[in-house]
Amino acid sequence: MSELLNFNYPAEPAEDRVTLFADVILPLPLPKLYTYRIPFEMNDEVLVGVRVIVQFGAKKVLSCIVADIHENAPADYQAKYVLDVLDDKPIVTAPQLKLFKWIADYYMCTLGEVINAALPSALKLSSESRLQLHPSYEPEEDDIPLATQEAKIIYALQQNQALTFTDVGNLLQLKNYHKYIKSLIQKEAIIIFEQVSDKYSPKVVKKVRLSEHFVQDEAMLEELFAQLTPKPKQLDILLNYLQKVPVHQDKNLNIQGLEKSVLTGNPHLSQSAITSLIRKGVLEQFDQIVSRFQTDFGAMQLPMALSEHQAEAREEILGLFKEKDTVLLHGVTGSGKTEVYIDLIKHALEGGGQVLYLLPEIALTAQIVTRLMKVFGDQLGVYHSKFSDNERAEVWQGILSGKFQVVVGVRSSIFLPFHNLSLVIIDEEHEPSYKQYDPAPRYNARETALMMAHLQGAKTLLGSATPSVETYHNCKNGRWGLVSMTKRFGEAQMPDIELVNTRDEQKRKNMHSHFSAKLLGEIEARLHRHEQVILFQNRRGYAPFIACDECSWIPKCKHCAVSLSYHKFNQELRCHYCGYHERMPSDCPACGATTLKSMGFGTEKVEDELKLLLPNAEVQRMDLDTTKKKNSYQQIIADFESGRTNVLVGTQMVTKGLDFENVSLVGILNADTIINFPDFRANERAYQLFVQVSGRAGRKGKHGTVIIQTRDPLQSIFRKVHSNDYQALYEHEIEDRMRFNYPPFVRMIKITVKHEDERTAENAAIVLAKDLTDRLSKEQVLGPEVPYIFKIRNLFLQEIHIKLHRQSSQLSSSKRLIAGAIHQLKLLPDFKGLRVVVDVDPA
């Protein structure tokens, strides 16, 4: 697409033509929508929810979403024209736009930030203004006077063929360089064009088929065989095609043809012979758009028959849905909640609705998708960040077209264009993985999914063995329905839980590195019986840090106030906050000693040591470092399911809903690091982690055992885990939350003030806290305070915590007051370069 800077405005309209304007959502963090004028010839094309191309500022050309169409010209500026329309139909639905506006309001961000997070990259456009010499312009022949700056541009274009606006600015070293570009356009020396390309492209496969006259006329086909007899290589191609596409049985099979790669990939067939048959017109080559997703699911299966206990739960849920929009399914680990979900999805589809099945981790989709595809086939779409941009765009388009009626995905799935949503399932609803931390919008997918369901009149089913305190409180006060499943599926029993006091074990010299004699012996026994083991350690890498044994030097990140973690596989020290890394030193940079020791341990060290202690064990690790590739989750899980791996070491990824029938032992290597954490949710999170990882053991008849290693086995949390007493945990937590005024009795907002200068960050936070206290109250504003990690990515941090009443009217007005205080802070000249991050409902 080519557009000049001085866009030509359309001719004046006829009397009966209405001048329309479009409010658009630009993919920029702007507090307001921007208004553009719609050219008359586009009046019928520009619709709410379509993408249009507009010019923003002096040189940016962007794609954006139309949010509203009206007849009111903006009062403060002259509206520019919409340049082009990209879609025949809206790609963002009306319910989506309502949801996006709610996200922006509730999580205190802009609609542009929401759109940036919502749309797959393949549906966003890249654009950069460029200039090139006019085809008819000859510098040597044209007698056109050029200013010095204009001559520089012309000379640079002769050398480079094309320049971006940024290139011109750098070349001239001027801020106001646009006038020289405009002058050259008027002199017809250069032209401006926009390189705008829609990144989404469907997957196309090359196919071949037999020319139609050979299919319809058998005599011609027989004659073809006779002609090819002296050419055996071409005859082999024809026979191979007819074997795979038996047109003599069904002539219509030829229409679909055969993927060309089936023939070209066969080493026994001649490539040149295929080309010859295409050139002669015997075979026709054509392109076909295909799905990027698996379509061969093997034999389709009916859902498993529900057990009596599962059927009772299903009927209770359906009964509660008649009265309430949201229901919690509180089922112990291994109770068969997934089968109940499948039955409810089938019920929703029979009613003609769409279903969203939310999961907290990509790791879970690998197992669950396989089960769902065998039941729902090509009605099922999968959506998560490990998919390519084109794959995600294909799911988006598939939902719009009605191809995908069920979607399984992680938190970003809540942005998909559902328009007839009937059921939302939020599995493992307690998981903090549902919370988006950076960048904005800092939304919680659980809360957003609840709002999405409300806006579309859908029902929501929350599922967990260890519900969040807030969710259980909503059930206890009657706002939501509650259904309990207290028994495991089939003959499976809850696992035995044993505590090992590592302090005592060390005194008795019964510790083998980080493994107690008890845990190591149980692992050996399970391997001898050809059973499997899961080991949980809540740190990745080889060691949290290294230290010099002589001078106690510890390597620190150059950009963050944290020590560098040691990763042995790459022989590097790495920051888990900003990604900075450096080579592992051979000696201490401070004193020169060679006595550098790793302190503590992560999953990489557990894997390494276990291979030394148990050389016959097949050990695999599942953490962020081993699951970076697209299919790495599936491969690790497939290896464990098939028995190629018998010990799986992992971080929290191994705690979340995975179902392995041969696992009889789970080991938690260092429980204390999970419990002793400075957060009001620490007790709740510790219980959830311990119970969830324990639930991986003994799920299919084999009796399971869980061994928890701790230096303080008398802590009360272990009694609750041992007895699987969620009710006791809830009652203790809810009493503390009420006493100290924490959620669910208030809503919390965390404000983080960031600046590259430590004193500036501190002063700004003090000013902001005082303003907030004046606008709200002293009881509602806590801080400012320096967080535990006070510097990240070269920025010093200060935090302010705000507690707000839960009433929606007060909540909205309080957020407006907070936004006003932040706006006033940024206007102060002392705080230039300040960043203020607002996190509503921090996890």
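Strands here are DSSP E runs of at least two residues, helices are H or I runs of at least four, and both are numbered from the N terminus; two strands pair if DSSP finds at least two bridges between them.

You are viewing a predicted model, where local features need pLDDT of at least 70 and side-chain atom pairs pLDDT 80 or more, while totals for chains, interfaces and linings use all residues. Residues count from 1 along each chain as its sequence is written, and side-chain values use heavy atoms, leaving out hydrogens and water.

Next, pick strand 15 (residues 354-358) and strand 18 (residues 421-427), which pair in the parallel sense over five bridges. Val355 stands opposite Leu423 in strand 18.

Now move to strand 38 (residues 835-840) and select Asp839. Is Asp839 buried or exposed? Asp839 is buried, with a relative accessible area of 6%; buried means under 20%, exposed over 50%, and partly exposed in between, using a 1.4 Å probe and protein chains only. Show its contacts (heavy atoms within 4.5 Å): leaving aside residues up to four places away in sequence, Asp839 touches Lys435, Arg442, Met748, Ile749 and Lys750.

Finish at helix 21 (residues 632-642), where the buried residues include Tyr633, Ile636 and Phe640. After helix 21 comes Gly643, with a positive phi near 90°.
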